[in-house]
Amino acid sequence: MAWRIERAEHRVFRRNPLLAVVVDLRFHPILKLTDQVADFQERVRATFPAFQEATNQVVSLQPFGPVAMKQEKLFQFWKVDGSATLTLTTSSLTLESRRHADRGALFKDAETGFGALLGLHSAVTATRLGLRYVNQIDQAQIQLELGRATTWQQLVS
């Protein structure tokens, strides 16, 4: 199945309310990945030199059925300044950017991770590609910068 993503107008706003931007690629499990973490690290080390192995508790909720819980190994790589983290599991690759400045830098970091994954496994079958923006709108700060009162309706629109 081919993914068709329509082009949207790109706009840059004067204020950046983003706390984080998350790019999440989910794929059918690749069990060999846990044995190839060192190879993956070599491919991302120039951008993401720090490393940590962790365990994550995964909870699966189904509309009709029991709650499933399992533990999953995470391999995290991050920039020394803490601005971005790349997390690899056997079924996902996630980039979390905590200091989003522009989409070019975000896409470059995502390409580093995707390129490393595809360099190890050219047959990655994607099941989901997500992009999430986490915003924080500080009404008091914006009013201070504007020098006038605003309503939440004005801020959101």
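Predicted model: local features only at pLDDT ≥ 70, side-chain atom pairs only at ≥ 80, totals over all residues.
The largest pocket has a volume of about 1400 Å³. Its lining comprises 35 residues, and those closest to the pocket centre are Arg11, Val12, Phe13, Arg15 and Pro17. Two or more lining residues are given to the largest pocket by each of α2 (103-120), β6 (126-135), α3 (139-146) and α4 (152-156). Helix α3 provides the largest share of this lining, with 4 residues. By class, the lining of the largest pocket consists of 15 nonpolar, 9 polar and 11 charged residues.

The second largest pocket has a volume of about 680 Å³. A total of 27 residues line the second largest pocket, and Arg26, Asn56, Val58, Glu72 and Ser92 lie nearest its centre. At least two residues of this lining are supplied by each of the strands β1 (18-27), β2 (50-60), β3 (68-78), β4 (84-88), β5 (92-97) and β6. The largest share, 7 residues, comes from β3. The lining of the second largest pocket divides into 8 nonpolar, 12 polar and 7 charged residues.

Aromatic contacts were examined next. A pair of aromatic rings is described by the distance of the centres and the angle of the planes. The search of the whole structure returns 2 aromatic pairs. In one of them, the ring centres of Phe40 and Phe77 are 5.3 Å apart and the planes stand at 50°, so the pair is classed as tilted. Phe40 belongs to helix α1 (residues 37-44) and Phe77 to strand β3, so this pair ties together parts that are 37 residues apart in sequence. Phe40 counts as buried because its relative accessibility is 0%. Phe77 likewise is buried, with a relative accessible area of 0%.

Phe77 also pairs with Phe51; this pair is tilted, with 5.2 Å from centre to centre and 45° between the planes. Phe51 is located in strand β2 and Phe77 in strand β3, so the pair ties together parts separated by 26 residues in sequence. At a relative accessibility of 34%, Phe51 counts as partly exposed, whereas Phe77 is buried. Through these ring pairs, Phe40, Phe51 and Phe77 are linked into a cluster.

A charged side chain is placed against a further ring: Lys79 lies over the face of Phe48, at 6.0 Å from the ring centre. Both of these residues are touched by Ala84, which is located in strand β4. Ala84 is buried, since its relative accessible area is 1% and the cut-off for buried residues is under 20%. With residues up to four places away in sequence not counted, Ala84 touches Phe48, Phe77, Trp78, Lys79, Leu95, Glu96, Ser97 and Asp109. The C-alpha atoms of Ala84 and Phe48 are 8.2 Å apart, and the two residues are 36 apart in sequence.

Thr150 counts as buried because its relative accessibility is 9%. Apart from neighbours within four places in sequence, Thr150 is in contact with Gln139, Gln143 and Leu155. A distance of 8.9 Å separates the C-alpha atoms of Thr150 and Ala140, which are 10 residues apart along the chain.

Gln57 lies in strand β2. With a relative accessible area of 39%, Gln57 is partly exposed. Its contacts, not counting residues up to four places away in sequence, are with Met69, Lys70 and Gln71. The C-alpha atoms of Gln57 and Gly130, which are 73 residues apart along the chain, are separated by 21 Å.

Methods:
Residues numbered from 1 in each chain as written. Heavy atoms only, no water. 1 Å grid on protein atoms, 1.4 Å probe; cavity = no way out; pocket = protein on both sides within 12 Å on 5 of 7 lines; lining within 4 Å. Points joined across faces, edges and corners; volume = space filled by probe spheres on them. Nonpolar A, V, L, I, M, F, W, Y, C, P; charged D, E, K, R; others polar. Buried < 20%, exposed > 50% of the residue type's maximum accessible area, 1.4 Å probe, protein only. Contact = heavy atoms within 4.5 Å. Phe/Tyr/Trp six-rings, centres within 6.5 Å; stacked < 30°, edge-to-face > 60°. Lys NZ or Arg CZ within 6 Å of the ring centre and 35° of its normal.
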